[in-house]
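Open your viewer and get ready to select residues. This tour says what to pick next and what is there.

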Amino acid sequence: MTKKIRTPEIITYDNHFNDIHTFNLLEEKSQDLFFALIASIPKIDPCIHNPVEKKYRLRCKEVCSLGKIMNKKTGFAPQQLEQRILDINIHVPYIMYITYPQNGYLDVIITAKLQKLFFVIPENTSTTKFKLDSYIRIKSKYAKALYRLLLAASNGADHGICCEPDYELAQKIGTENSD
């Protein structure tokens with residue numbers, strides 16, 4: 001029996017997301033959960049011109065599996081999940097709010113601002129793309145911020161970075177396998 005190989009989730013966002021400085025205050029695993037939630041939300045019709053706040057119900061185990069928020073012995077780690085939810089709700093409540101797990105589900109409320117940054121991106125907008133699994137392998141919140149900024153700079157965004165990004169260096173910084 002062959003295993004079904006999951007295609008890597010691609011995260012795409014408007015580079016104005018990098019201007020939300022409170023996001024960088026999130027712990028490393030909370031950032032992983034945030035992007036796992038983004039990857040779990042069904043795609044929104046990009047033709048929507050005036051997005052409004054939306055609520056989604058997502059399965060905890062699927063989101064945690066995608067975000068690698070798992071206990072190696074027992075699988076699902078609800079205590080870790082609650083800690084990450086609190087971190088997100090404190091630092092970025094104006095773009096996403098998450099209720100604590102109930103009956104194996106999370107209710108995620110995303111604001112119109114978040115939809116404009118991740119789902120309803122206007123044409124000719126500078127964006128950043130990365131694979132979720134590559135981002136999750138980075139093991140420091142500072143290295144994660146540098147990785148996102150270098151990717152944004154390579155796409156023409158101006159965040160005070162005035163050098164050519166070194167992709168190999170950015171991918172090595174903070175990863176499990178770095179030398």
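Start on the surface. Select Leu 86, Ile 90 and Tyr 100: together they form a nonpolar patch with about 280 Å² of accessible area. Such a patch joins nonpolar side chains (Val, Leu, Ile, Met, Phe, Trp, Tyr) within 5 Å, from residues with over 30% relative accessible area and no salt bridge (a side-chain nitrogen of Lys or Arg within 4 Å of a carboxyl oxygen of Asp or Glu). Areas come from the Shrake-Rupley method with a 1.4 Å probe.

The model is predicted: local features need pLDDT of at least 70, side-chain atom pairs 80 or more, while totals for chains, interfaces and linings use all residues. Residues are numbered from 1 along each chain, and side-chain values use heavy atoms, without hydrogens and water.

Stay on Tyr 100. It sits in the loop between β5 (96–98) and β6 (105–110); strands are DSSP E runs of at least two residues, helices H or I runs of at least four. Tyr 100 has 34% relative accessibility, so it is partly exposed (buried is under 20%, exposed over 50%, partly exposed in between).

Now the rings. The whole structure has 19 aromatic pairs (centres within 6.5 Å; planes under 30 degrees apart are stacked, over 60 edge-to-face, the rest tilted). Select Phe 35 and Phe 130: with centres 5.3 Å apart and planes at 85 degrees, the pair is edge-to-face. Phe 35 is in helix α1 (residues 28–40) and Phe 130 in strand β7 (residues 127–131), so the pair ties together parts 95 residues apart in sequence. Both are buried.

Next, select Phe 118 and Phe 119. Their centres are 6.5 Å apart and their planes at 50 degrees, so this pair is tilted. Both are buried.

Methods:
Patches are made of residues with over 30% relative accessible area and no salt bridge: like charges are joined within 9 Å, nonpolar side chains (Val, Leu, Ile, Met, Phe, Trp, Tyr) within 5 Å. Buried means under 20% relative accessible area, exposed over 50%, partly exposed in between (1.4 Å probe, protein chains only). Rings of Phe, Tyr and Trp (its six-membered ring) pair if their centres lie within 6.5 Å; planes under 30 degrees apart count as stacked, over 60 as edge-to-face and the rest as tilted.
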